[in-house]
Amino acid sequence: MSQSDSKKRFFENLSGAGKAIAVLTSGGDAQGMNAAVRAVVRMGLYVGAKVYFIHEGYQGMVDGGDNIREATWESVSSMLQVGGTVIGSARCKDFRSHEGRLKAAHNLVQHGITNLCVIGGDGSLTGANLFREEWSGLLTELVEQGLIEADAVQKYSALHIVGMVGSIDNDFCGTDMTIGTDSALHRIIEVVDAIMTTAQSHQRTFVLEVMGRHCGYLALVSALACGADWVLIPEMPPEDGWEEKMCEKLSANRAGMKRLNIIIVAEGAIDRNNKPITTDYVKNLVVKNLGFDTRVTILGHVQRGGTPSAFDRILASRMGVEAILALLETTANTPACVVSLCGNQSVRVPLMECVQTTQEVQKAMDQKRFEEAVKLRGRSFENNLRTYKLLAHRKPESELPV
C-alpha cells in the first residue's frame, strides 16, 4: 500500500464523534492566527466533532456565557486573509488564580468541552498545561460545591491540550517558525525599503527599532534581508568597544560613496554587561562621533498589523489540521504537545520541553553565556547570524589568506 493510501485510510478511520473541541487565541496577536482558527474549526467539523470558539482568550473562558459559542463551517469563511485575531485575545489575570481556573473548568464542562486548542505564546501555553494538570482536582471541587453532577468527573475525566505558537518574534524553541513571524518580516522590510529611498536622497543614517524584547530574530533576519550596516540583538551583544568599530564602518561606507546607513536595533538589545542599548543611545553616538544627519524610527505595532503572508496562511492551516489529529490521538497519559514546523513538516513536540528550552535561552543571556544562547535558539538562528556576519563585514586585507 502506498503512503498516500495509508494516510487516506488513517484519515477515514479518525472520528471526532461525541467530542467537543474549543479553540482560543491568547497573548499578543499575530498575523495568521485566523488561518489557524479556521483550520481547527473545519478539520474538527470534518471529523465529526463539535467545535467551539472561546472569544477574548482565557478571559472569555473564565467569564463564560456568550464568550463560548459553537462554530460552523460558514462562521470561519473569509477569515483566512484577515490579520490579527477575529475571536479576540486578552491578557487575563483571573486565569492565573486558582479561582479563575475553577470558573473556566465549570464553563467548559457545561459545554462538554474536554479538548482545547490554544494559539498563543509560551506564557499562554504554560498556563494551558497547568490547567490540564489541575483538571481532575478542579472537577472534584466543582462537585463538592454542587456546581456539577458527580458523574461528570468520570465523564469528563481528562482535559487534552494542543498548542500552536502565534508570535511575531519567533521566540519559541522547538519550531523553525512561529505563526506571524514571516508577515512581521515583510512589514519591516517594506518600511526599511521605503526609508532607504529618503535616507539616500538626504545622505542620512537611520536607526530602526524592531520588536523582540527577548529575541533578536526579527532584527537579525531583517538586517540580513535589507543589507543593514549594523544590527544589535540580545542573544549576541557586540564586543566591548563596539561603538568605535560601528562608527568606523559607517564612516568607511560614506567614504566609499554610500549615501545612507541603516542600523537595526532589537527592542531588547543589550551590551556585554546586560545593559540596554537604546535607539537614542545609538543615534547620539553617530551624531557625536561622525556628525551624520541621523533619525530614529520605531516600528512598533505596524509589525503586528496587516494581512498575513502566504507562508503564514499555509503554515497556520497545516498546523491547525495537525492540531486536530493530535487531539484525536491523545490519551489521558499523553503529555501536552505543541505543533511545530521542522524542515517543511508539521510535527508534534512535547510542550513543556520546548517551554523549558525557551526559558534556558533567557537564563543563558542573563548569565552572559551568549554563545550558548545563540545555540539554544536553534540551527536557523545560528545560520542566519553566521550569514549576516559573512556578508556585512569585510575582512581587512591583512587577515585574508595568502
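Let me begin with the record: an unreviewed UniProt entry carries the annotation "domain: Phosphofructokinase", which covers residues 21-326. UniProt positions are given here in the numbering of this model, feature names are shortened, and such annotations may be inferred rather than shown by experiment. Please note that this is a predicted model, in which local features need pLDDT of at least 70 and side-chain atom pairs count only at pLDDT 80 or more, while totals for chains, interfaces and linings use all residues. Residues are numbered from 1 along each chain as its sequence is written, and side-chain values use heavy atoms, with hydrogens and water left out.

Within the annotated span, 45% is helix and 15% is strand, and the end C-alpha atoms of residues 21-326 lie 12 Å apart. Helices (H or I, at least four residues) and strands (E, at least two) are DSSP runs, numbered from the N terminus.

Consider next helix α2, residues 33-46. Its 14 residues reach 20 Å from the first C-alpha to the last, close to the expected 20 Å at 1.5 Å a residue; the expected span is 1.5 Å times one less than the number of residues. Why is α2 described as largely enclosed by the rest of the structure? Because 11 of its 14 residues are buried, where buried means under 20% relative accessible area, exposed over 50%, and partly exposed in between (1.4 Å probe, protein chains only). Among the buried ones are Asn-34, Arg-42 and Gly-44. After α2 comes Gly-48, with a positive phi near 90°.

Now the pockets. On a 1 Å grid over the protein atoms alone, a pocket is an open set of points with protein on both sides within 12 Å along at least five of seven lines, and lining residues have an atom within 4 Å of a point. The largest pocket holds about 940 Å³ of space. It is lined by 33 residues, and Arg-91, Gly-121, Asp-122, Gly-123 and Arg-213 are the closest to its centre. By class, that lining has 9 nonpolar, 15 polar and 9 charged residues.

The second largest pocket holds about 550 Å³. Of its 17 lining residues, Trp-230, Pro-238, Glu-239, Lys-389 and His-393 are the closest to the centre. This lining has 11 nonpolar, 1 polar and 5 charged residues.

Finally, two asparagines. Asn-170, in the loop between β5 (160-165) and α7 (181-202), has a positive phi near 50° and is buried, at a relative accessible area of 7%. Asn-274, in the loop between β8 (261-266) and α10, has a positive phi of about 65°, and at 26% relative accessibility Asn-274 counts as partly exposed.

Note on methods: 1 Å grid on protein atoms, 1.4 Å probe; cavity = no way out; pocket = protein on both sides within 12 Å on 5 of 7 lines; lining within 4 Å. Points joined across faces, edges and corners; volume = space filled by probe spheres on them. Nonpolar A, V, L, I, M, F, W, Y, C, P; charged D, E, K, R; others polar.
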